[in-house]
Amino acid sequence: MKLAIASLFIGLASAWSPANDASSSRREAISKTLAAGAALASPLVSNAYSVPDLPYPYEALEPYIDTPTMKIHHDKHHATYVANINKAMEGKEEVPILDLMENALDAGPVRNNGGGHYNHAFFWSEMAPPDVAKKTKPSDALAKMIDSSFGSMDEMKSQFEAAAAPGAVFGSGWVWVVLNNAGTKLEIVGTPNQDNPLMKGVKDEIKFPILGLDVWEHAYYLKYQNRRPEYVSNWWNVVNWDKVSENFAYVSEKKSGVPVEG
């Protein structure tokens, strides 16, 4: 790549050289060189995706999510999904991870590894240290939609926790609060493994997550062992409702999934 970029600059220098007296020849040379540069600007890459930095220190979510779990979850589990999706996408055009979600069920490794990358990047962004999280609250628009969809915030949390119980999401998976495709109602849905509601075929229609919880054992087992319900109920203490409100505003306007870093 460095050699190719160097060649681009050499080509531009040559194009503007005094030796290139003919105006038409110079324009032609510049045109060809810039065309080559455009090709370099959109390479086929093998490391399109990366693990985004956490927006807070590893220990910031204590005591509700412990430091060792955050380190292993972010640096090992998420990193493995990123490494695998990069390998699967070698030689293919770079596209945002969000754009791969819709047809992920038909795209082999994209389903588990691309889904794993998107889900985790989404998950890190919606949390905050407890002292910060407790100062956040749903926007007026989100609060109104929660009340119309569930009756109250407490009822939404109750239904969410029931959906996250071991019997509801059997084994590994995620629980989401989503806006339905029509944009008229919030719903709670569970998905297995690294699936998410943005994937066509996972549910009856594509739905747009505004909040999601990882209920794989690697997300909680070091601190909570088999006590998943305790993990789920404690997790509300680190939910950043300002961010969730931003997610709701975005999906309501765009009718699209929330973009993520990495």
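Q: Where is P63 found?
A: This is a predicted model. P63 is found in the loop that runs between strand 1 (44–45) and helix 3 (67–88).

Q: Which residue does a cis peptide bond join to P63?
A: The peptide bond between E62 and P63 is cis, with omega at about 0 degrees. E62 also turns up among the contacts of T67, a residue that lies in helix 3. Leaving aside neighbours within four places in sequence, T67 is in contact with Y58, E59 and E62.

Q: Is T67 buried or exposed?
A: The cut-off for buried is under 20% relative accessible area. T67 has 16% relative accessibility, so T67 counts as buried.

Q: What does the protein chain look like overall, in helices and strands?
A: The protein chain has ten helices and five strands. Of its 262 residues, 43% count as buried. Contacts can also be sorted by how far apart the partners are in sequence. Among contacts between residues at least 6 apart in sequence, 69% join residues at least 24 apart.

Q: Which residues does F123 touch?
A: The place of F123 is in helix 4. Not counting residues up to four places away in sequence, F123 touches H73, W174, G212, L213, D214, Y231 and W235. F123 and V239 are 116 residues apart along the chain, and their C-alpha atoms are separated by 9.9 Å.

Q: Why does F123 count as buried?
A: Burial is judged by relative accessible area, and under 20% means buried. F123 has a relative accessible area of 1%, so F123 is buried.

Q: How should I read two helices that pack together?
A: Two packed helices are described by the angle between their axes and the distance between the axes. Take helix 6 (residues 140–150) and helix 10 (residues 241–254): their axes come within 9 Å and cross at roughly 80 degrees. Angles of 65 to 115 degrees count as roughly perpendicular, so helix 6 is roughly perpendicular to helix 10.

Q: Which residues in helix 6 and helix 10 meet?
A: On the helix 6 side they are A141, L142 and M145, and on the helix 10 side W241, V244, S245 and F248. By class, this contact has six nonpolar residues, one polar residue and no charged residues.

Q: Which residues line the largest cavity?
A: The structure holds one cavity of 30 Å³ or more. The volume of the largest cavity is about 30 Å³. Its lining is made of L142, I146, M156, V177, L186, I210, L211, W241 and V244. Helix 6, strand 5 and helix 10 are the elements that give two or more residues to this lining. By class, the lining has nine nonpolar residues, with no polar and no charged ones.

Q: What is the volume of the largest pocket, and which residues are the closest to its centre?
A: The largest pocket has a volume of about 200 Å³. It is lined by 13 residues, of which P52, P55, A121, S125 and E261 are the closest to the centre. Helix 4 (residues 109–125) supplies the largest share of the lining, four residues. The lining divides into nine nonpolar, one polar and three charged residues.

Q: Which residues line the second largest pocket?
A: The second largest pocket, with a volume of about 150 Å³, is lined by L98, D99, M101, E102, L198, I206, F208, S256 and G257. By class, five of these are nonpolar, two polar and two charged.

Q: Which backbone angle stands out at N193?
A: Phi is the angle to look at. N193 has a positive phi of about 55 degrees although it is not a glycine. The place of N193 is in the loop between strand 4 (186–192) and strand 5 (208–214). At 38% relative accessibility, N193 counts as partly exposed.

Q: What is the phi of Q225, and where is Q225 found?
A: Q225 is not a glycine either, and has a positive phi of about 50 degrees. Q225 is found in the loop between helix 8 (221–224) and helix 9 (228–235). With 33% relative accessibility, Q225 counts as partly exposed.

Notes
Residues numbered from 1 in each chain as written. Predicted model: local features only at pLDDT ≥ 70, side-chain atom pairs only at ≥ 80, totals over all residues. Heavy atoms only, no water. Axes fitted to C-alpha atoms, helices over the stretch in contact; angles between N-to-C directions. Parallel < 35°, antiparallel > 145°, perpendicular 65-115°, else oblique. Contact = heavy atoms within 4.5 Å. Nonpolar A, V, L, I, M, F, W, Y, C, P; charged D, E, K, R; others polar. 1 Å grid on protein atoms, 1.4 Å probe; cavity = no way out; pocket = protein on both sides within 12 Å on 5 of 7 lines; lining within 4 Å. Points joined across faces, edges and corners; volume = space filled by probe spheres on them. Buried < 20%, exposed > 50% of the residue type's maximum accessible area, 1.4 Å probe, protein only.
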